[in-house]
Amino acid sequence: MKKITIAIDGFSSCGKSTMAKDLAHEIGYIYVDSGAMYRAVTLYALRNGLFLNGEIAKDDLEQRIPNIKITFKLDPNTSRPITYLNGENVENEIRTMEVSSHVSVVAALGFVREAMVRLQQEMGKDKGIVMDGRDIGTTVFPDAELKIFVTASPEVRAQRRFDELKAKGQESSFESILQNVKERDNIDMNRAVSPLRKADDALLLDNSNLTIAEQKIWLKEQFDRIVNS
């Protein structure tokens, strides 16, 4: 069976990562969460005091980018990738609301995106990869054989994020999460470099009212259609 590249893009909190992880595990492909990479850079910036009054110290971060090493290792118990920042497991810390509230600003910086795109393209050079993010089908892998663009209403996405944080014991209000979701959408769609948009040849999936099981079935059907064509 031929190997292909699968690009899954879409808005925040749409369940892209869950879809991509499950598909990669089912078909034996490598999974890369590109959003985790931008979150790791954001965590680095927060830890190193590069945010002041909500503004990022761009010049300082650009000088430090070569020193930010992001890698993934498989969890032997779950077979899911864990994000490492300069050798440290930061998988849980990059999922906090503090990081979520700052990541779109960092991800909008051209030099950050250039560095991450180079790393992502290197990871996917041999195909057999599932990658999700904001610009995978438009910028990172424009020639991907299967492209999916995922969307859902802001309210549905905010509720999913609220439930996820609550399950982890992290307190937050639905209203603040909804505001964050809308702000991230605006930044992602209107940034100057690689804005979030649906690729012309991407399949649109609105999963507002779909279960995870229904998504898995649909996505596997699209994969089978491509590899067997």
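Visitor: How much space lies in the largest pocket?
Guide: About 910 Å³. Keep in mind that this is a predicted model.

Visitor: Which residues are closest to the centre of that pocket?
Guide: Ser 13, Gly 15, Ser 17, Arg 95 and Glu 164, out of 40 residues that line the largest pocket.

Visitor: And which elements give two or more residues to the lining?
Guide: For the largest pocket, those are α1, α2, α4, β8 (129–133), α7 (154–167), α8 (174–190) and α9.

Visitor: How does the lining of the largest pocket split by class?
Guide: There are 18 charged, 13 polar and nine nonpolar residues in the lining.

Visitor: What about the second largest pocket, how much space is in there?
Guide: About 200 Å³. Its lining has seven nonpolar residues, two polar and three charged. Among the residues that line the second largest pocket are Phe 72, Leu 74, Tyr 29, Tyr 31 and Lys 21. At least two lining residues each come from α1, β2 (30–33) and β5 (70–74).

Visitor: What lines the largest cavity?
Guide: Met 19, Asp 22, Leu 23 and Glu 26, along with Gln 215, Lys 216 and Leu 219. The elements giving two or more residues there are α1 (16–27) and α9 (212–227), and α1 has the largest share with four. By class, that lining has three charged residues, three nonpolar and one polar.

Visitor: Switching to packing: at what angle do α2 and α4 pack?
Guide: About 105°, with the axes of α2 (residues 34–47) and α4 (residues 97–107) 8 Å apart. Angles from 65 to 115 degrees count as roughly perpendicular, so α2 and α4 are roughly perpendicular to each other.

Visitor: Which residues meet there?
Guide: On the α2 side, Tyr 38, Arg 39, Val 41, Thr 42, Leu 43 and Leu 46; from α4, Glu 98, Val 99, Ser 100, His 102, Val 103, Val 106 and Ala 107. The residues of this contact of α2 with α4 divide into eight nonpolar, three polar and two charged.

Visitor: Last topic, how many salt bridges does the structure hold?
Guide: 15. One of the pairs is Asp 60 with Arg 64, whose closest N and O atoms are 2.9 Å apart.

Visitor: How far apart are Asp 60 and Arg 64 in helix α3?
Guide: Four residues within α3 (residues 58–64), so about one helical turn separates Asp 60 and Arg 64.

Conventions. Residues are numbered from 1 along each chain as its sequence is written. This is a predicted model: local features need pLDDT of at least 70, side-chain atom pairs count only at pLDDT 80 or more; totals for chains, interfaces and linings use all residues. Side-chain values use heavy atoms; hydrogens and water are left out. Axes are lines fitted to C-alpha atoms, for helices over the stretch in contact, and angles run from 0 to 180 degrees between N-to-C directions. Angles under 35 degrees count as roughly parallel, over 145 as roughly antiparallel, 65 to 115 as roughly perpendicular and the rest as oblique. Contact means heavy atoms within 4.5 Å. Ala, Val, Leu, Ile, Met, Phe, Trp, Tyr, Cys and Pro count as nonpolar, Asp, Glu, Lys and Arg as charged, and the others, Gly among them, as polar. On a 1 Å grid over the protein atoms alone, a cavity is a set of points where a 1.4 Å probe fits but cannot get out, and a pocket is an open set with protein on both sides within 12 Å along at least five of seven lines; lining residues have an atom within 4 Å of a point. A salt bridge is a side-chain nitrogen of Lys or Arg within 4 Å of a carboxyl oxygen of Asp or Glu. Grid points are joined across faces, edges and corners, and a volume is the space filled by probe spheres set on the points.
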